[in-house]
Amino acid sequence: MKRIRSSIIDGVGFDLVLVGIPLVFLILFSGLPLVYNVLMSFQEVDLFSLGEVFRPFVGLKNYRALFAQPEFWPIMWNTVIFVFCSIGGQFIVGFGLAVFFNTGFRGSTFIRGLFLVSWVMPGLVVGATWNWILAGDFGVLNYLLSSIGVISENIFWRSDINYSLWAVIITNIWLGTAFNMILLSVGLAGIPKDLYEAASLDGATAFQKFWTITVPMMRSTTGAVISLGLIFTLQQFDLFAAITGGGPANSSNVAQYWAWELSFRQYDFARGATISTIMIAVVMVASVFYVRSTRHEVRG
Amino acid sequence: MKYMIGASVAALLSMGSIAHAEDVTITIWSLDDENQPAMNLAQEFSDMDNGITVDYRMIQFDDVVTESMRAFATGQAPDIIAVDNPEHALFAARGAFLDVTDMVAASDEVVAENYFPGPLNSVTWDERLYGVPKATNTIALYYNVDLFKAAGLDPDTPPATWDDLVAAARALNDPDNSVYGIAFSAKASEEGTFQFLPWAQMSGGGYDHINTEGAVHALETWKTLLDDGLASPDTLTRGQWDSTGTFNSGNAAMVISGPWELNRMVDEAQFEWRVALLPVPEEGAARASAMGDFNWAIFANTDHPQEAFQALEYFASQDDRLFPEFGQLPARSDIELPPTGVAPKDAALQVFLEQLQYAQARGPHPEWPKISKAIQDAIQLALTGQMTSVDALNQAQASIDAILAE
């Protein structure tokens, strides 16, 4: 007994307790819901069996029914476009800003901090604000574009099936850029300055320094940022709810919003859970990349 | 002697407090806040000296169905719930709601004949009553009298048919001054179905036969309004509240919406406006309109069905206060709405009351959300030009047939 206590206070037991607490927490609040969700995707669920755990098992029926819906592939394709373009935009703009602020001009840290405002705002607020910017008849964006002569007719960003998905992507890039910039700034600050000095002595141009020092040294940070971006982008729900509601005609619908629609609009919880299960698989792959790239970071 | 009286009074008082401790408590869930009827009426009923205490819980619109279903499945359901009328059948058909037919028959306060047919139909399943309408609303055509005069239209003869409506929208449309002919909502949500279904019903269709010739004509008419720029393209993604906002600001000359807009319009609109009945397909055609708002229902597994029904009787007895105090329309034809003194509002109310005679329930069907989704998809596919109106409605009909066959 005494040995156990001393081990807990000062020894292997202490480590186990430290690891155990978050582990139990994770299993309870993340693991169980995940398992429950996967289980639901193989069951027949209706509103009256919501309170049960063991419901009729239907095998892959929910999956087959989901794949057979005509909107399945368009929505999956929208999800891919949304994820790639959002991450791409966030990363490129974020990286550019990070490099820009890394030059360390007067007030750069202060302005960099201000950029975080976009990141801390709730998605629904961002969505509502961008609704006014993107509005068709009286939107600010249309006004800007037409006054510089880019467009002659108003673009109905939210209601035109050719633009609706892009309306959400643009907003999401704006929302996520600051977070990317901060993470990348940290990565940039970690690159030893003597590498650049040595390169300068060897006569390297700024462009050469960027490609041969900055980019390779940022590899692990980039991996982490992109993996996190994938996870955040796949979680993005508020903007869809606030801006387009997935419409018109599903043109801006993506997997995560569709899962909510099926579960809480049509009360088809099994199909909603099925989409979530597919997404869990995708996010898990991303998590593996994330864990690997951060591990690399520690060793490097 | 004096002491004895004192003692007996004390005994009576303590008996009273014992009786009070044994009060029956009923739970009521509704989305009404302190400015809306349910919360106030529940409080009043609870304060009455009838041995019944009310535990009132406010729930969010989006959570009504899932919260209460989960509660019902785990035996934690409230005694009384206010549920959106198209979702009533979902509960009633599965026996989750108490059959109150016999209680209503014996009641002096809740008299089935006093209710409008639409709301009454929404609480009916298999010819039995599973609830009591809480309030009701419908949609009609608001129009801007000043713009009518400016466009040379006679404001005393508002559009009566669909062709009139399109013609009027064309005459009123004024892109140079940012004025659309008409505003409505074709959003991919229940609001879209709410606005479209009456058009299908007027032309002989319904939720179970949505691909009729008349319904195709209706959808084509909507498409004309959008394709010719007579309504904003944002009609596809905008709800009724926001669409009516553009009417109030003078950016749309007509709008299809309901009586919930009246107070805001009185405050905001800087022009003369009136309300007309929804235009029909052609002269002499049957009328129809949408039917909105909530119903009261008692959950089947309640321990206090009598007390719960007593509460509903009290609510029904106060129906004449719904409009003057809370601005909601009672679902009954036997209640005179007192004039408010605001002329355009009073005139509009008479039109809405007439329109209510033709208001039809959505469904009732236990799979309503899926039926509604099929209709929304058809509207959106046709209006965005991805399918013809005929194909879109045929596809919706096929989905609905599959749902009805289950």
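The dialogue below turns to conventions, folds, domains and contacts.

Guide: This is a predicted model, in which local features need pLDDT of at least 70 and side-chain atom pairs count only at pLDDT 80 or more, while totals for chains, interfaces and linings use all residues. Residues are numbered from 1 along each chain as its sequence is written, and chains are lettered from A and ligands numbered from 1 in the order in which they are written.

Visitor: How many helices and strands does chain A have?

Guide: Helices (H or I, at least four residues) and strands (E, at least two) are DSSP runs, numbered from the N terminus. Chain A has 14 helices and zero strands. Its C-alpha atoms fill a box of roughly 80 × 70 × 30 Å along the principal axes.

Visitor: Into which domains is chain B divided?

Guide: Domain bounds come from an automatic or database domain assignment. Here, chain B comprises domain 1 (23–137 + 291–351) and domain 2 (140–290 + 367–405). The centres of these domains of chain B, taken over C-alpha atoms, are separated by 29 Å.

Visitor: How many residues of domain 1 of chain B are in contact with domain 2 of chain B?

Guide: Two residues are in contact if their C-beta atoms, placed from the backbone, lie within 7 Å. By that criterion, 15 residues of domain 1 of chain B meet 15 residues of domain 2 of chain B. On the domain 1 side, H15(B) gives the largest share, five residues.

Visitor: What does the contact between the chains take from each?

Guide: Chain A contributes 21 residues and chain B 23 residues.
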